[in-house]
Each structure stands twice: as structure tokens, then as C-alpha cells.
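Colleague: Please put the model up, and then take my questions on its strands and loops.

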Amino acid sequence: MGVDLGDVDGDGLLDFVVTNHEFETTSVFRNLDGKLFADATAQTGIGRATLPFVGFGVVFFDYDNDSNLDLAIVNGHVVDNTALFRAGSTHAQPRLLFRNEGRSRLVDVSNAVGSGFRERKVGRTLVAGDIDNDGDLDVLVTNNGQSVDLLRNDGGNRNNAIVVRLVGTRSNRDGIGARLRVTTGKKTQLREVKAGSSYLGQNDLRVHVGVGTATVIDRLEIFWPSGRMETIERLPANAIVTVVEGEGVTKSTPFHKAK
């Protein structure tokens with residue numbers, strides 16, 4: 001049902017995740033060389049936790065700004081009387097959040113991150129974006145026959161981050177298809193501006209990158225769809241920056257953090 005792209009193992013190549021029906025697990029495919037992919041579901045450790053559920057919306061996002069991409073999934077059966085056919089099966093199902101502990105090892109922390117991930121609903125769409133501009137990613141969930149749920153991230157901004165809004169000139173206006181490399185110290189992270197996200201939804205087109213304890217982005221490289229490449233050095237963290245193709249940074253706004 002759902003699909004998302006992200007460099008979950010930090011090797012500079014985009015991997016992808018696909019949600020599936022019950023007893024099929026959510027699948028993670030590791031990018032080997034830009035041409036071939038290998039099933040890395042067992043390596044990530046998400047198989048057992050996702051096996052009983054019907055997965056829909058899914059997103060790679062760094063919810064704690066530690067510079068590793070985490071994974072969130074919403075679930076919900078497609079049959080409302082599924083319990084008649086399999087004992088223990090339910091229409092409403094839990095949401096799942098996996099924290100990336102490094103080298104693509106994903107640990108289920110769903111029960112440790114507040115009531116938003118402990119609810120059971122018939123989940124469908126899941127999208128991410130920093131709705132309050134405080135430097136950490138929040139998520140929006142749609143549910144069949146029930147209200148939309150907005151889950152605000154409180155505490156993800158204990159670490160630092162940067163949010164980049166791209167404005168294309170020769171490229172499309174939203175910079176869709178652009179790739180960004182963000183380097184802090186010895187670590188480089190890859191992001192891509194993507195149209196269409198998760199399942200029947202669209203993530204924030206602004207690019208969010210958690211950078212841990214770093215206070216300065218040493219180098220931001222932007223590879224525009226037009227073929228243009230730009231490099232910006234020594235950007236302060238904890239800000240929303242606008243980059244116009246060919247003009248560099250045209251605006252920088254500090255995150256809004258509660259006092």
C-alpha cells in the first residue's frame with residue numbers, strides 16, 4: 001500500500017520501504033549500487049513487529065534529530081469483520097514507530113513515545129512535516145470513518161536540525177527531484193525532494209535534516225533537476241532556509257521554540 005524512499009543505512013544511496021498485507025511484513029529494500037536492491041527486512045529487525053498488521057501509510061523521517069532516519073507506519077485492516085475469519089485479527093490496528101539505532105537497525109519504540117502511537121484506529125494516510133516550525137517533524141494520520149489525527153512531536157528538537165525550502169527557477173518551482181547532501185563533521189546525509197508520499201498523501205516539500213549536536217552545517221550541496229549544482233558552506237543549524245536556484249540562500253528564519 002504505502003511506499004517511501006530514504007537513505008536508512010547512511011551509505012549515500014536511497015533505499016525504499018513498502019507496507020504489505022498481514023502475514024507479509026513491511027519490506028525494506030537496501031540500495032546496493034544504484035541499480036540493484038536487496039531485501040533487508042530481517043537486517044532492520046522490523047519483520048516480527050509488522051507481521052500481524054495490514055500496513056498503509058509509511059514514512060522515513062528523523063523524529064529525534066539524531067541524524068538517522070527512523071520509520072513510522074500506520075495500519076488498519078481492509079475487512080471490518082476480520083475477527084470472524086482469524087482469531088485475534090482486528091479492523092483497527094496500532095501505529096508503529098521504529099527508532100534507527102544506526103546502520104539501519106530499527107527498534108520498535110511505539111509504546112514509549114506517547115499516546116499518539118498507542119491508539120488503535122483504521123489508519124490509512126501518514127505524512128510528516130514540521131507544522132509548528134520548531135525544528136522537529138510532526139505527523140498527520142487519516143483514518144477510515146474517524147477524524148484525522150495530528151501528532152505533534154514534543155522533544156524531538158532537543159537535538160539540532162535544518163529545514164531547507166527549495167525554489168526552482170530553471171527547475172520546477174518546488175524543486176521536486178532535487179537531491180541534497182548535508183555534511184556535518186564526518187557525516188553526510190542524503191535527502192530528495194519527493195512528490196507523492198506514503199499512501200494518498202504528500203509530505204512537507206521542505207527538506208528536514210537532523211544533525212545531532214552539530215550547530216553548523218559545514219556544507220550543503222544541492223543537485224537541481226535542471227542539472228545545476230550549488231554548494232553552500234557554513235550554514236547555522238536550527239533554522240528554516242530558503243534557497244533559490246542560482247541565487248543561494250535568500251532567507252533564513254530561526255526555529256520557533258517554546259520558551
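Predicted model: local features only at pLDDT ≥ 70, side-chain atom pairs only at ≥ 80, totals over all residues.

Modeller: Residues are numbered from 1 along each chain as its sequence is written, and side-chain values use heavy atoms, with hydrogens and water left out.

Colleague: Which strands stand at the edges of the open sheet?

Modeller: Four strands form the open sheet in the order β5-β6-β8-β9, with antiparallel pairing; strands are DSSP runs of E of at least two residues, numbered from the N terminus, and two of them pair if DSSP finds at least two bridges between them. An edge strand has a single partner strand, so one side of it is left without a neighbour in the sheet; this holds for β5 and β9 (106–108).

Colleague: How many bridges join β6 to β8?

Modeller: On one side, β6 pairs with β5 in the antiparallel sense over five bridges, and glycine 55 stands opposite asparagine 75 there. In β8 (residues 96–100), leucine 97 is the bridge partner of alanine 72. β6 and β8 run antiparallel, and the number of bridges joining them is three.

Colleague: How many of the six residues of β6 are buried?

Modeller: Buried means under 20% relative accessible area, exposed over 50%, and partly exposed in between (1.4 Å probe, protein chains only). Asp70, Ala72 and Val74 point one way from β6, Leu71, Ile73 and Asn75 point the other way, and all are buried. β6 is therefore largely enclosed by the rest of the structure, the count of buried residues being six of the six.

Colleague: Is asparagine 65 buried or exposed?

Modeller: Asparagine 65 lies in the loop between β5 (55–61) and β6 (70–75). Its phi is positive, about 60°, although it is not a glycine. Most residues other than glycine have a negative phi. With a relative accessible area of 0%, asparagine 65 is buried.

Colleague: What is the relative accessible area of asparagine 133?

Modeller: Asparagine 133 also has a positive phi, near 55°. Its place is in the loop between β11 (123–129) and β12 (138–143). Asparagine 133 is partly exposed, and its relative accessible area is 29%.

Colleague: What is the relative accessibility of leucine 84?

Modeller: Leucine 84 is in the loop between β6 and β7 (93–94). Leucine 84 counts as exposed, at a relative accessibility of 69%.
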